[in-house]
Amino acid sequence: MLLPANSPPPTLFSFDSPETVMQMKPTAPMKNGAPTLIVSIPRAAPGFDSYQIVYIRRAHTFEYFRQSQWVDTPANMLAPLGVAALEGSGGFSAVIQSPTSVAGQLRLDLEIVRLQNEFFMLPSQAHFTLRAHLVDTSSRQVAAWREFDAMVPASSEDPYGSVLAANNAVRNVIKELVLFCRQTAGNYLESQP
């Protein structure tokens with residue numbers, strides 16, 4: 001979309017860096033034989049697959065901040081964060097992001113169901129919902145799935161406050177995702193002969 005010549009360029013925002021996610025407290029390494037995890041390219045539900053920062057003031061009506069955007073789509077920004085956090089978890093022999101020719105024992109499929117700032121009340125809040133499926137690649141069956149949901153109040157009623165709240169919501173969900181994946185990997189190991 002072209003902006004009028006006298007309009008300033010949009011301010012670009014991102015999720016936390018993978019280095020920030022790596023600072024999350026690591027857990028004890030899993031025993032030998034931990035599976036290799038392949039992380040698929042995350043998908044996003046319609047409306048959440050663009051550079052636009054979504055906010056809503058009433059149900060079913062998406063609006064976008066005019067002069068503020070994500071530096072990339074949320075799905076593309078989520079992938080390196082998830083991989084970094086899972087690598088640091090000690091639950092896998094390796095964590096590899098798709099596309100890859102490597103064959104892993106488990107595959108993680110992620111879908112952003114919602115990433116929006118809700119202005120229904122004050123303070124406004126970021127609402128992030130992520131669906132995760134762990135697939136046993138040998139049987140091609142879902143080993144486990146879960147939907148994660150986080151709501152974080154914004155520190156201010158502007159795009160920057162919304163972005164900070166969204167980052168906190170994403171960080172909270174990634175922590176839960178890591179625990180879920182480690183538990184599923186442990187169950188996978190116990191089920192192997």
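I started at Glu 118: skipping neighbours within four places in sequence, it is in contact with Ile 56, Ser 124, Gln 125, His 127 and Met 151 (contact means heavy atoms within 4.5 Å). Caveat for all that follows: this is a predicted model, where local features need pLDDT of at least 70, side-chain atom pairs count only at pLDDT 80 or more, and totals for chains, interfaces and linings use all residues. I'm numbering residues from 1 along each chain as its sequence is written, and side-chain values use heavy atoms, with hydrogens and water left out.

Next I checked where Glu 118 sits: strand E7, residues 106-118. Strands (E, at least two residues) and helices (H or I, at least four) are DSSP runs numbered from the N terminus. Is Glu 118 buried or exposed? Glu 118 counts as buried because its relative accessibility is 7%; the cut-offs are under 20% relative accessible area for buried, over 50% for exposed and partly exposed in between, with a 1.4 Å probe and protein chains only.

I then looked up its side-chain partners. Glu 118 has a polar contact of 2.8 Å with the side chain of Gln 116, and one of 2.8 Å with the side chain of His 127. Polar contact here is a pair of N or O atoms within 3.5 Å; within protein, one must be able to donate a hydrogen and the other to accept it, and residues adjacent in sequence count only if both atoms are side-chain atoms.

That sent me to His 127, in strand E8 (residues 125-136). His 127 is buried too, at 9% relative accessible area. Its side chain also makes polar contacts with the side chains of Arg 114 at 3.3 Å and Asp 149 at 2.8 Å.

On to the helices. I found that the axes of H2 (residues 74-87) and H3 (residues 159-191) come within 10 Å and cross at roughly 45°. Axes are lines fitted to C-alpha atoms, for helices over the stretch in contact, and angles run from 0 to 180 degrees between N-to-C directions. Leu 78, Leu 81, Gly 82, Ala 85 and Leu 86 in H2 meet Val 170, Ile 174, Val 178 and Cys 181 in H3. I sorted the residues of this contact into eight nonpolar, one polar and no charged; Ala, Val, Leu, Ile, Met, Phe, Trp, Tyr, Cys and Pro count as nonpolar, Asp, Glu, Lys and Arg as charged, and the others, Gly among them, as polar.

Last, the whole chain: three helices and nine strands, with buried residues making up 47% of the 193 residues.
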